[in-house]
Amino acid sequence: MSQKIYTYNPLNNYNLAIKKLSANNIRPTKQRRILAKILFDKGDRHISAEELYIEVKKENRKISLATIYNTLKQFTQIGLLKELLIDQNKSIYCTNHDEHYHLYIEDEGKIIDIPKNNIDLNIPEIPACLNFHNVDIIVRVRTQKNKLKN
C-alpha cells in the first residue's frame, strides 16, 4: 500500500492560514487546523457553516456545528474569510482574497465571483474626516426557469 507524499509548502493557503492564526494569538487547535484544511485546500470557494459541517462529517471528524460557527467568525475577524450576509438568517463565507464582488443566484443558492473590474462604481467623494474602508456588492438574480408560460 503506497501513500502519497506531500512536500511542505509554506505558501499554500492552509499554511498561511495557520500562520495567521498564530500571528493573531489564536491557538491553532486540532479543530481549527481541520477546518482550515477543509476550507483552504480546495482553492477559492463559497461555503456556509452547514455545508462545512457536512464536509467535516464526510471526513469522519467530530466537530460540532457551534464550533464551526465560532471558528468561521474567528477566521472572518482576522481576515482569513469574508462573510457574505445573504439574508438575516444566512451567511456564506468566501475564501477568495482578491478584490471582487459576488453574483448570487437566489433560487439556486449559488454564488459566483465577479472580478472587480467588471463593475463600474461611481463612489461620491468621501469627507476628509473619513477613511474609505471597503465596498461589498452582492448582485442578486433569479433564473428564468420559473417564468410564467403563455
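Strand 4 and strand 5 form a hairpin with four residues between them, and Gly109 in the turn has a positive phi of about 65°. The model is predicted, so local features are given only at pLDDT of at least 70 and side-chain atom pairs only at pLDDT 80 or more, while totals for chains, interfaces and linings use all residues. Residues are numbered from 1 along each chain as its sequence is written, and side-chain values use heavy atoms, with hydrogens and water left out.

Two strands are taken as paired if DSSP finds at least two bridges between them. One of the bridges sets His100 against Pro115 in strand 5. On strand 6, strand 4 (residues 100–105) has a parallel partner, with four bridges between the two. Ile105 has Val141 of strand 6 as its bridge partner.

Together these strands make an open sheet of three, in the order 5-4-6, with mixed pairing. Strand 5 (110–115) and strand 6 (138–141) are the edge strands, and each pairs on one side only. From one strand to the next the twist averages 25°; axes are lines fitted to C-alpha atoms, for helices over the stretch in contact, and angles run from 0 to 180 degrees between N-to-C directions. In a regular strand, side chains alternate between the two faces of the sheet.

A second open sheet has three strands in the order 1-3-2, and its pairing is antiparallel. Strand 1 (46–47) and strand 2 (82–87) stand at its edges with a single partner strand each, so one side of each has no neighbour in the sheet. Two bridges link strand 1 to strand 3 in the antiparallel sense, and Ile47 stands opposite Tyr93 in strand 3.

Strand 3 (residues 90–94) also holds Ser91. Ser91 is buried because its relative accessible area is 18%, where buried means under 20%, exposed over 50% and partly exposed in between, computed with a 1.4 Å probe on protein chains only. Its side chain makes a polar contact with the side chain of Glu83 at 2.6 Å. A polar contact is a pair of N or O atoms within 3.5 Å; within protein, one must be able to donate a hydrogen and the other to accept it, and residues adjacent in sequence count only if both atoms are side-chain atoms. Leaving aside neighbours within four places in sequence, Ser91 is in contact (heavy atoms within 4.5 Å) with Ser48, Glu83, Leu84 and Leu85.

Cysteines come next. A disulfide is a covalent bond between the sulfur atoms of two cysteines. With the criterion of a pair of cysteine sulfur atoms within 2.5 Å, the count is zero disulfides. Cys94 counts as buried because its relative accessibility is 1%, whereas Cys129, at 71%, is exposed.

The buried residues in helix 2 are Arg32, Ile34, Leu35, Ala36, Ile38, Leu39 and Phe40. Their cover includes helix 1, strand 1, helix 3 and helix 4.

Asn25 has a phi near 55°, positive in a residue other than glycine, and counts as exposed because its relative accessibility is 74%. Asn60 also is not a glycine and has a positive phi of about 55°. Asn60 lies in the loop between helix 3 (49–58) and helix 4 (65–77), and with a relative accessible area of 71% it is exposed.

Taken as a whole, the protein has four helices and six strands, which run α-α-β-α-α-β-β-β-β-β from the N terminus on. Of its 150 residues, 30% are buried. Among contacts between residues at least 6 apart in sequence, 44% join residues at least 24 apart. The accessible surface comes to about 11200 Å², and carbon and sulfur atoms account for 49% of this surface. Accessible areas come from the Shrake-Rupley method with a 1.4 Å probe; for residues, only the protein chains shown count as cover.
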